[in-house]
Structures are given as C-alpha cells and as structure tokens.
Amino acid sequence: MAWPTLAVTPDITMPAKPRDNTIRSESEAGYGQTRPRFTRKTYDFGPWKYGVLTQAERDLLWAHYDEVGCDVIFPWTRPIIGTVHNVRFKEPPT
C-alpha cells in the first residue's frame with residue numbers, strides 16, 4: 001500500500017539523512033580497522049511534522065499505519081522532488 005495522498009505536505013527539515021554504514025574497531029597498536037555494516041547504503045527520512053490535518057486525513061494516515069505497521073516496506077514519493085523511495089515506519093506516528 002502506497003503512502004496516502006494528503007492535502008498537507010510534511011515539513012521535512014532534512015529530507016534524507018544517510019546512516020553511518022561503518023563498523024570501526026581499534027587495535028592496541030593504535031590503528032583502526034573499518035568495514036561496511038550493510039551491503040547497501042540506508043537513509044533515514046524524517047522526522048516529519050505535519051501541520052493541521054483534517055479528521056479524514058488523520059484517519060487515512062492511521063489506516064495506512066495499521067495496514068503496514070513498522071515492518072512492511074511501501075513506496076513513498078518525496079514532496080517537491082517527486083522521486084520514489086521504498087520506506088518503512090521507524091516507529092508509530094504520534
């Protein structure tokens with residue numbers, strides 16, 4: 001299920017923040033070793049803050065969360081830019 005269409009766009013201060021993908025370890029000799037944590041780069045989108053939502057928009061947003069929860073990946077289109085990303089909720093919306 002795709003992100004619901006809402007009349008209000010979110011206030012996104014930092015649209016995409018890359019996660020640190022590095023595992024670091026230091027040796028007794030003073031040098032460090034690094035390796036990638038994941039096989040691909042991951043990003044955090046948000047947190048998103050919406051202005052005033054109507055009751056219908058709030059119900060639509062909660063219905064979407066009830067369907068996907070925090071474990072299902074769904075397509076989301078970035079406002080203004082229009083690129084589509086596969087995302088999931090990190091935590092329930094408040």
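## A walk from the hairpin to the helix

Let's start at a turn: strands β3 and β4 make a hairpin with five residues between them, and Gly30 in that turn has a positive phi of about 100°. Strands here are DSSP runs of E with at least two residues, helices are runs of H or I with at least four, and both are numbered from the N terminus. The model is a predicted one, in which local features need pLDDT of at least 70 and side-chain atom pairs count only at pLDDT 80 or more, while totals for chains, interfaces and linings use all residues. Residues are numbered from 1 along each chain as its sequence is written, and side-chain values use heavy atoms, leaving out hydrogens and water.

β3 (residues 22-26) and β4 run antiparallel and are joined by five bridges; two strands pair if DSSP finds at least two bridges between them. Ser25 stands opposite Gln33 in β4. Of the five residues of β4 (residues 32-36), the number buried is zero, so this strand lies largely in the open. Buried means under 20% relative accessible area, exposed means over 50%, and partly exposed is in between, with a 1.4 Å probe and protein chains only.

Asn21 counts as buried, at 12% relative accessibility. Its side chain reaches the backbone nitrogen of Phe38 at 2.9 Å. Leaving aside residues up to four places away in sequence, Asn21 touches Arg35, Pro36, Arg37, Phe38 and Arg40, where a contact means heavy atoms within 4.5 Å.

Now for the helix. α1 (residues 55-68) has 14 residues and reaches 20 Å from its first C-alpha to its last, close to the 20 Å expected at 1.5 Å a residue; the expected span is 1.5 Å times one less than the number of residues. Which residues of α1 are buried? They are Glu57, Leu61, His64, Tyr65 and Val68. These cover an arc of only 95° around the axis, which puts them on the same side of α1; the arc is that of the directions from the helix axis to the C-beta atoms. The buried residues of α1 pack against β7 (74-77), whereas the face turned away from them carries the exposed residues Ala56, Asp66 and Glu67. After α1 comes Gly69, with a positive phi near 60°.

Stepping back, the protein has one helix and eight strands, in the order β-β-β-β-β-β-α-β-β along the sequence. Of its 94 residues, 22% count as buried.

Methods. Polar contact = N/O pair within 3.5 Å; in protein donor to acceptor, adjacent residues only side chain to side chain.
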